[in-house]
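My entries follow in the order in which I made them.

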Amino acid sequence: HLATSLPLPSERDHLRPRIDLIVFMIDIKSKYSLKNVETSLAHVDASFFLGKVCFLVTGVGRVNACSIEMNAVCKLGEAYCSPVLFCELELEGIRAATAQRLVRMLQICAGHIPGVSALSFVSLMRNSDDD
Amino acid sequence: MDETVAEYIRRTVLKIPRDEIKVMLQKWGFLSEAQLQTLNFHQIKDNISQEVVQLCEENSADIKQAAALDIIYNHIYQNKRMWSVYQMRKSGEELEYFDITDFKKKFKRRLRSALKNVTITFKEYEDNAIWIRVAWGTPYKKPNQYKPSYVVYHSQTPYVFISASVLKSNLPLLCQALIVASNYHDIREMELRSHSLNSLKDIVFKRYSQNFQTYSPKPLQGRNVEPENADIRIVQENRNEKERIHRLNQEVFGSGPQPKLEFAQYKLETMFKSDPKMDVLDKKEPFRCLVKFSSPHLLESLKSLAPAGMADAPLSPLLTCIPHKARNYFKIREKKGLFPESFVSP
């Protein structure tokens with residue numbers, strides 16, 4: 001399901017299946033994109049942040065068109081205990097690889113992979129400095 | 001042949017892209033086909049232009065023919081110049097029959113009576129456009145052929161398109177000659193400028209696709225807002241919103257191509273409104289500010305703002321009124337009464 005922001009329109013509530021993974025896409029060229037994600041985050045139920053949320057930063061191939069600080073994005077990931085992925089949608093190879101990663105994450109979040117749950121993502125994110 | 005004429009022809013030919021030179025010389029018609037055959041168009045432009053000057057020498061070209069070539073060049077490359085739009089007004093309602101010879105005669109007479117040293121050239125085109133080229137001199141100097149003014153007049157309309165030369169002081173004289181020649185009594189400059197002459201014509205002649213308000217309670221069925229979404233597994237949560245934006249956009253901009261403007265300029269003469277405690281110019285004097293929107297194609301980019309998610313739909317009427325009001329320069333004054341802003345009515 002694609003949406004431009006949260007909350008989702010309520011008129012479609014009855015048509016929606018269970019949500020297993022939320023991917024917030026941030027376009028590195030647009031400050032507005034980051035702002036939009038930050039406001040949408042407030043509408044997400046806390047239970048999702050146990051591994052069912054991830055941030056996808058797009059447009060990283062165009063280094064000179066960056067409008068967002070990498071710091072800001074990484075801090076966002078830390079604040080919400082969610083992984084941050086980087087990709088460049090304009091390159092087919094990277095696009096396909098990123099899609100595969102997301103599908104893999106989705107399988108785990110949906111409980112299709114025995115023995116691995118979404119909570120694993122959270123523990124994988126712990127900084128080695130913390131130990 | 002006059003040295004200055006030769007040089008002027010040479011420089012004009014140099015401006016033309018090499019592949020276009022032959023066609024333009026043919027359009028000009030001053031050199032015969034036989035003469036054109038003798039030209040080698042595969043050498044460097046410097047040499048081509050020298051050869052053209054030679055041939056013009058043989059035909060004894062004078063400034064009139066040189067000016068004609070210049071008009072042809074500027075007609076084809078009209079978008080290199082900046083055009084302003086002027087509107088003329090008649091005192092009475094009589095529709096007078098337009099006589100082109102009479103127009104030319106009156107125009108020349110009016111200009112020449114004020115300024116002896118001018119070069120005036122006319123050329124008519126099929127779309128009823130009369131192109132006028134005027135090179136300006138002074139009582140003591142011959143006309144400067146390199147800084148002429150161009151006027152495009154469609155005789156069935158009250159509109160004149162002027163690309164003034166840098167010598168702006170001649171503009172009042174030019175305007176006077178135009179109203180005398182065309183039997184109008186008044187001319188005013190509209191706040192509309194662009195490089196694209198055709199787009200200016202589209203706006204004032206209302207040739208662009210306008211939206212006619214038709215009562216349409218529901219969005220039209222079967223309209224595919226996202227044609228590339230062939231995969232039915234992708235669900236657009238905000239489809240209703242997207243369709244609303246699309247519909248609003250259609251209503252405002254119509255569905256055809258927009259006229260091509262490069263900028264819109266808003267001059268603010270409003271009071272700066274701040275927290276009175278901040279004491280920053282609060283209602284003491286107007287906050288002078290100039291907002292300028294530039295784009296290779298301003299109206300198309302405005303049209304794509306809402307669908308791209310960069311602006312809320314509907315857009316501000318200040319932006320969307322540009323083609324309807326036929327202006328892209330605005331002065332915004334203080335709120336008066338109930339209406340948000342008042343425009344300067346010229």
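**Entry 1: terms and numbering.** I take contact to mean heavy atoms within 4.5 Å. This is a predicted model, where local features need pLDDT of at least 70 and side-chain atom pairs count only at pLDDT 80 or more, while totals for chains, interfaces and linings use all residues. Residues are numbered from 1 along each chain as its sequence is written, chains are lettered from A and ligands numbered from 1 in the order in which they are written, and side-chain values use heavy atoms, with hydrogens and water left out.

**Entry 2: B:L178.** I began with B:L178, which is in helix α7 (residues 171–182) of chain B. Helices here are DSSP runs of H or I with at least four residues, strands are runs of E with at least two, and both are numbered from the N terminus. With neighbours within four places in sequence left aside, B:L178 is in contact with B:M88, B:F103, B:F107, B:I132, B:V151, B:V160 and B:I162. Is B:L178 buried or exposed? I found it buried, at 1% relative accessibility. Buried means under 20% relative accessible area, exposed over 50%, and partly exposed in between (1.4 Å probe, protein chains only). I also checked B:I322, which is 144 residues from B:L178 along the chain; their C-alpha atoms are separated by 27 Å.

**Entry 3: chain B overall.** I noted 12 helices and nine strands in chain B. The chain has 346 residues, and 42% of them count as buried. Of the contacts in chain B with a separation of 6 or more, 67% come from residues 24 or more positions apart.

**Entry 4: cores.** A nonpolar core is a set of buried Ala, Val, Leu, Ile, Met, Phe, Trp, Tyr and Cys residues joined through side-chain atoms within 4.5 Å. Which residues have the most contacts inside the largest core? I read off B:I9, B:W28, B:V52, B:F161, B:L192 and B:V204, in a core of 58 residues. Another core, of 27 residues, lies apart from it and includes B:L111, B:F122, B:I132 and B:I179. I then listed the partners of B:L192 beyond four places in sequence: among them are B:W83, B:V85, B:L200, B:I203, B:V204 and B:L261.

**Entry 5: salt bridges within chains.** I counted a salt bridge where a side-chain nitrogen of Lys or Arg is within 4 Å of a carboxyl oxygen of Asp or Glu. The count over all chains is 19.

- B:D102 and B:K106 form a salt bridge, with the closest N and O atoms 3.2 Å apart. The two are separated by about one helical turn because they are four residues apart in helix α6 (residues 100–114) of chain B. B:D102 is partly exposed, at 26% relative accessible area.
- B:R193 pairs with B:E191 in a salt bridge at 3.7 Å between the closest N and O atoms. I have B:R193 as buried at 18% relative accessibility, and B:E191 as partly exposed at 25%.
- A:D27 and A:K29 form a salt bridge at 3.4 Å between the closest N and O atoms. A:D27 is partly exposed at 25%, and A:K29 is partly exposed at 35%.
- B:E7, B:R10, B:R11 and B:D46 are linked in a salt-bridge network.

**Entry 6: A:D20.** I found A:D20 in the segment before β1 (22–27) of chain A. A:D20 is buried, with a relative accessible area of 14%. Its side chain makes a polar contact of 2.8 Å with that of A:R18. A polar contact is a pair of N or O atoms within 3.5 Å; within protein, one must be able to donate a hydrogen and the other to accept it, and residues adjacent in sequence count only if both atoms are side-chain atoms. Beyond four places in sequence, A:D20 is in contact with A:K52, A:L106, A:C109 and A:A110.

**Entry 7: the interface.** How many residues of chain B are in contact with chain A? I noted nine, against 11 residues of chain A. The two chains bury about 880 Å² between them, 41% of it on carbon and sulfur atoms. Buried area is the accessible area (1.4 Å probe) that two parts lose on being put together, summed over both. In chain B, the residues that lose the most area to chain A are B:V235, B:E237 and B:N238, together 65% of what that side buries.

The rule finds one salt bridge across this interface. The side chains of A:R16 and B:E237 meet in a salt bridge at 2.9 Å, N to O.
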